[in-house]
Amino acid sequence: MMDRDRLRALLARERAAFAARNPRSAAEFARASNLFGRVPMTWMNKTAAGFPLYLAEARGARVTDVDGHEYTDFSLGDTAAMAGHSPAPVVAAVKERFETLGGACAMLPTADAAWVGAELTRRFGVTRWSFALTATDANRWAIRLLRAVTGRPKILVNSYCYHGSVDESLIVTGPDGARSREGNVGAPVDVTVTSRVAEFNDLAGLERELAHRDVAAVLMEPALTNIGIVLPEPGYLAGVRELTRRYGTYLINDETHTFSAGPGGATGLWNLEPDVVTIGKAIGGGIPAAAYGLSEQVARDIEAIPGLDLIDMGGVGGTLAGNALSIAATRATLEHVLTNAAHAEMSEKSDMWSSGVQRVIDEHDLPWSVTRLGARAEYRFAKPAPTSGTEAASKNDADLEDFLHVHLANRGILLTPFHNMALMSPATTRDQIAEHTRVFEQAVAELTARTGPS
Ligand code: PMP
């Protein structure tokens, strides 16, 4: 059992050290009174230490803050910087498109887009691609198209999934049935009107919901990645595919995070056959970019709907979606940075990170687990690793998580602010990983020591 008094004392000590170490970041935060929440986006207040670090520079897997501290960045923009910060081929492509050639917002297609479409097809299987700037929008637009083609009103997601701020996805299971997820700000309608929900890894529950035959699409990650990593049990994904086919429901794989699994994400790694793939963040190499790909059949079915407005006011699309700059960055990322070889190396590095964490957990006999999906890995305060989103959510431990995050930050290591996730980029080094193991071990030793905090 964790000594909670000791944990709270250690957390207070680390927060005080963080405040003392970061006077410039603290001053920037204090000054930003014309920002809502004092930050550019309110989620930036998700910080274990009380205020965020302010960015000075970032390259590869390293970040420097305004107080001059250098960090190993395992957060990597919560996957948006999986290619590393500002990789050279993307910088060159962006410079060429924006500076030399110009025309990021010329409202005209460039030849790069067809190359990207073909490459995404090679990786993910589905054949007809369209672009967005965020994964949220890719999901929203895919959902709209599948509602249009099925005439069905509902979307089904897994409990404690995350697919961006998509209204339909903010639903969880509960003892009295499906309900709105906590923190669902200004919901347009009761979420049970638009959505159904099932537990990840629960085929019987999924079938019960699909049997209503009012679900246009199941929107899911092939492994949950936003409530820790929850891996699919043997047979689960095949079962999802079989049930969705049986009940006339389309299947969308959101590969935004599971892209860590390999060059074709989990879809490629596990030979999945979704009707639609959505992906955002990492494919732009740090420039906003996202995409959704339709299977040939879905594309044809949509095209066959009489009078469907896909060109003007139809609710699908955005002025900047598919802009020449984002597409140039995506091409450079896929062609030169997040290649097959890079994915293989990133996966090896994440294995090294996970083995280090596992060794420390074992040596201290902690009831924790580490889960890995290709280039990303995450530890969770539960053993064995949870098998559903609801179970994973029940194992949250805010103080413990905050302590580990601030402790690591004070020693030059950043994890994703929302959980204990570490992602490897092509630029991440083995020395950085070994240093993480060392600092993590130090944190755990302090937590489990029998004397008072030093
Ligand atoms: N899908 C998944 C699986 C995600 O993890 C996220 C963001 N964490 C999104 C979609 C939304 O991405 P964005 O906020 O860039 O729209």
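1. Start with methionine 107, which is found in the loop between H3 and H4. Helices here (H or I, at least four residues) and strands (E, at least two) are DSSP runs, numbered from the N terminus. Methionine 107 has a positive phi of about 60 degrees, although it is not a glycine. The residue is exposed, with a relative accessible area of 70%. For the labels used below, buried means under 20% relative accessible area, exposed over 50%, and partly exposed in between (1.4 Å probe, protein chains only).

2. A word on what you're looking at: this is a predicted model, in which local features need pLDDT of at least 70 and side-chain atom pairs count only at pLDDT 80 or more, while totals for chains, interfaces and linings use all residues. Residues are numbered from 1 along each chain as its sequence is written, and side-chain values use heavy atoms, with hydrogens and water left out.

3. Leucine 76 also has a positive phi, near 45 degrees, in a residue other than glycine. You'll find leucine 76 in the loop between strand E3 (70–73) and H3. Its relative accessibility is 0%, so leucine 76 counts as buried.

4. One more backbone item to check on screen: the peptide bond from lysine 383 to proline 384 is cis, with omega near 0 degrees. Proline 384 sits in the loop between strand E14 (376–380) and helix H13 (389–394).

5. How do H3 and H11 pack? Helix H3 (residues 88–101) and helix H11 (residues 324–337) have axes 8 Å apart and an angle of about 150 degrees between them. That makes H3 roughly antiparallel to H11. The crossing of H3 and H11 is right-handed. From H3, the contact uses Pro89, Val90, Ala93, Val94, Arg97 and Phe98; from H11, the residues include Ala324, Leu325, Ala328 and His336. By class, the contact of H3 with H11 has 11 nonpolar, two polar and one charged residues.

6. The terms in point 5, which come back in point 7, work like this. Axes are lines fitted to C-alpha atoms, for helices over the stretch in contact, and angles run from 0 to 180 degrees between N-to-C directions. Angles under 35 degrees count as roughly parallel, over 145 as roughly antiparallel, 65 to 115 as roughly perpendicular and the rest as oblique. A crossing is right-handed if the near helix is turned clockwise from the far one by less than a right angle, and left-handed if anticlockwise. Contact means heavy atoms within 4.5 Å. Ala, Val, Leu, Ile, Met, Phe, Trp, Tyr, Cys and Pro count as nonpolar, Asp, Glu, Lys and Arg as charged, and the others, Gly among them, as polar.

7. Now for H12 and H15, which pack at an angle of about 20 degrees with their axes 10 Å apart. H12 and H15 are therefore roughly parallel to each other, and H12 passes H15 in a right-handed crossing. Among the residues that meet are Glu348, Met352, Trp353 and Val360 in H12, and Arg430, Ile433, Phe440 and Val444 in H15. The residues of the contact of H12 with H15 divide into eight nonpolar, three polar and six charged.

8. Glutamate 348 and arginine 430 join in a salt bridge (3.6 Å, N to O). Glutamate 348 lies in helix H12 (residues 340–363) and arginine 430 in helix H15 (residues 430–448), so the pair ties together parts that are 82 residues apart in sequence. Both ends count as partly exposed: glutamate 348 at 49% relative accessibility and arginine 430 at 42%. By salt bridge I mean a side-chain nitrogen of Lys or Arg within 4 Å of a carboxyl oxygen of Asp or Glu.

9. How many salt bridges does a search of the whole structure find? The search gives 31. One of them pairs arginine 123 with glutamate 119, with the closest N and O atoms 2.8 Å apart. These two are four residues apart in helix H4 (residues 112–124), and so are separated by about one helical turn. Arginine 123 and glutamate 119 are both buried. Arg13, Glu14, Arg411 and Glu446 are linked in a salt-bridge network.

10. Last, leucine 373 in strand E13 (residues 369–373). At 3% relative accessibility, leucine 373 counts as buried. Leaving aside neighbours within four places in sequence, its contacts include Ala223, Ile229, Leu231 and Trp270. Leucine 373 and leucine 231 are 142 residues apart along the chain, with their C-alpha atoms separated by 8.1 Å.
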